[in-house]
Amino acid sequence: ISFHFILLPGQFTNPETPGYVGFANLPNQVHRKSVKKGFEFTLMVVGESGLGKSTLINSLFLTDLYPERVIPGAAEKIERTVQIEASTVEIEERGVKLRLTVVDTPGYGDAINSQDCFSTIISYIDDQFERYLHDESGLNRRHIVDNRVHCCFYFISPLGHGLKPLDVQFMKAIHNKVNVVPVIAKADTLTLRERERLKRRILDEIDEHGIKIYHLPDAESDEDEDFKEQTKILKASIPFAVVGSNQQIEAKGKKVRGRLYPWGVVEVENPEHNDFLKLRIMLITHMQDLQEVTQDLHYENFRSERLKRGGRLSSHGYILPLSPAYVLVRQLASLHLLHLKQQTFNWKDSVRKGTTVVRHMHTVATTDAAVVKLSQSIHSCLEGRPVKFCIVGHVPPVSHTVECC
């Protein structure tokens with residue numbers, strides 16, 4: 001049997017440059033694969049009510065993420081606690097798909113006593129880390145949905161003279177878990193001089209309290225001068241003083257998004273009026289870096305702490321949580337080992353030391369009963385019922401109750 005391969009003209013040609021192999025096109029393959037797969041990004045917005053968080057998010061992505069939101073009245077806010085509302089939208093621009101998840105925190109800072117108002121937020125961030133850790137430790141890791149919080153816009157009131165105690169406590173509580181970007185809300189209530197004074201005051205207080213905010217990476221030496229200058233301007237603009245608006249108004253003969261006042265017009269996308277455009281450029285141009293910092297720094301810190309608290313490694317090196325069933329199985333193995341040791345009881349030594357055979361038989365029977373009871377507990381745990389078990393052989397005996405999921 002003979003095979004004949006016909007090479008059509010123009011299909012395969014030798015490279016014009018001598019020594020050219022072609023692996024320089026590998027970035028193009030990665031680009032095509034990434035565009036086909038799409039991108040995921042989770043943004044959290046935290047701040048007191050009335051600072052324009054929802055309006056700003058809608059302005060950033062030119063979409064309505066809260067079409068069915070109901071604004072609670074003053075009476076409902078009295079007993080309202082901090083809630084977590086995650087909204088996901090698929091955005092497509094020039095063939096590139098972005099799965100954007102915005103996590104809002106209504107009720108934050110609204111109560112008179114806001115001491116523990118951010119515990120729900122911290123629990124949510126940790127839960128997303130835990131879920132991602134569980135998913136990547138499973139059998140099917142090809143389609144893991146990344147819901148980890150990659151960035152947190154923390155909105156600061158423009159009416160104060162810097163950071164409030166709640167601002168300091170919250171940012172110190174989450175700065176090791178998520179990338180924090182401070183944002184001064186409703187910057188149109190400040191003059192340019194007041195804005196710069198407030199920015200300097202906030203940065204000084206951030207340094208004073210040791211708060212770690214997200215710092216933009218330095219531009220590489222091979223980057224063009226325009227990008228280097230843009231990075232320099234973005235770094236100097238932190239914290240970003242922004243204005244949000246979804247209304248189209250007419251200014252200087254053209255339609256712009258902004259706010260109309262008796263004394264003039266504030267254009268949202270005018271860099272001379274506020275930092276809205278700079279904030280959007282920072283988010284878009286550094287979205288990949290925000291994800292990498294989340295993966296390489298915050299998630300790895302969580303993974304390390306999870307390992308220190310107690311966990312077991314799979315064959316692939318991933319941490320598997322010590323589930324109640326796993327703990328019970330290990331305890332069952334320990335009991336069987338104790339049982340075998342007691343069965344190899346030396347009768348001669350027992351008689352010589354005065355230990356009666358009846359005492360030995362009672363110990364073996366007690367261990368047998370504990371093994372049976374623990375085996376039943378494992379079956380109950382796997383069925384999802386709460387299990388109470390006692391560690392036999394521990395001095396003093398330790399009793400545990402676990403919730404199995």
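**Cavities, pockets and packing**

Modeller: The second largest cavity has a lining of eight nonpolar, no polar and no charged residues. Keep in mind that this is a predicted model.

Colleague: Which residues line the second largest cavity?

Modeller: The lining consists of Val 180, Val 181, Pro 182, Tyr 214, Leu 216, Ile 238, Phe 240 and Met 282. Strand β5, residues 180-184, gives the most, with three residues.

Colleague: And what is the volume of the second largest cavity?

Modeller: About 30 Å³.

Colleague: How many cavities of 30 Å³ or more are there?

Modeller: Two. The largest cavity holds about 40 Å³ of space.

Colleague: What lines the largest cavity?

Modeller: Gly 47, Glu 48, Leu 51, Tyr 108, Tyr 154, Phe 155, Ile 156, Ser 157, Lys 164 and Asp 167. By class, the lining of the largest cavity has five nonpolar, two polar and three charged residues.

Colleague: Which strand gives the most to that lining?

Modeller: Strand β4, residues 151-156, with three residues.

Colleague: How does the lining of the largest pocket divide into nonpolar, polar and charged?

Modeller: There are 12 charged residues, seven polar and six nonpolar.

Colleague: Where does the largest share of that lining come from?

Modeller: From α9, with five residues. The elements that each supply at least two residues to the lining of the largest pocket are α1 (26-37), β1 (39-46), β3 (96-104) and α9 (287-309).

Colleague: What about the second largest pocket, what is its volume?

Modeller: About 630 Å³. The second largest pocket is lined by 17 residues, and those nearest its centre are Glu 93, Val 96, Leu 98, Ile 284 and Met 287.

Colleague: Which elements each supply at least two residues there?

Modeller: For the second largest pocket they are β1, α2 (53-61), β2 (85-93), β3, α8 (276-285) and α9. As for residue class, this lining has 10 nonpolar, two polar and five charged residues.

Colleague: You mentioned α8. At what angle do the axes of α7 and α8 cross?

Modeller: Roughly 120°, and the axes of α8 and helix α7, residues 225-236, come within 10 Å.

Colleague: Why are α7 and α8 oblique to each other?

Modeller: Angles of 65 to 115 degrees count as roughly perpendicular and those over 145 as roughly antiparallel. The axes cross at roughly 120°, so α7 and α8 are oblique to each other.

Colleague: Is that crossing left-handed or right-handed?

Modeller: α7 passes α8 in a left-handed crossing.

Colleague: Change of topic. In what order do the three strands of the open sheet come?

Modeller: The order is β7-β8-β9, with antiparallel pairing. β7 (248-251) and β9 (264-267) are the edge strands, and each pairs on one side only. From one strand to the next, the twist averages 75°.

Colleague: How many bridges join β7 to β8?

Modeller: Four, with β7 and β8 (residues 254-261) running antiparallel.

Colleague: Which residue in β8 stands opposite Ile 249?

Modeller: Val 256.

Methods
Residues numbered from 1 in each chain as written. Predicted model: local features only at pLDDT ≥ 70, side-chain atom pairs only at ≥ 80, totals over all residues. Heavy atoms only, no water. Pairing = 2+ DSSP bridges. Axes fitted to C-alpha atoms, helices over the stretch in contact; angles between N-to-C directions. Nonpolar A, V, L, I, M, F, W, Y, C, P; charged D, E, K, R; others polar. 1 Å grid on protein atoms, 1.4 Å probe; cavity = no way out; pocket = protein on both sides within 12 Å on 5 of 7 lines; lining within 4 Å. Points joined across faces, edges and corners; volume = space filled by probe spheres on them. Parallel < 35°, antiparallel > 145°, perpendicular 65-115°, else oblique. Left-handed = near helix turned anticlockwise from the far one by under 90°.
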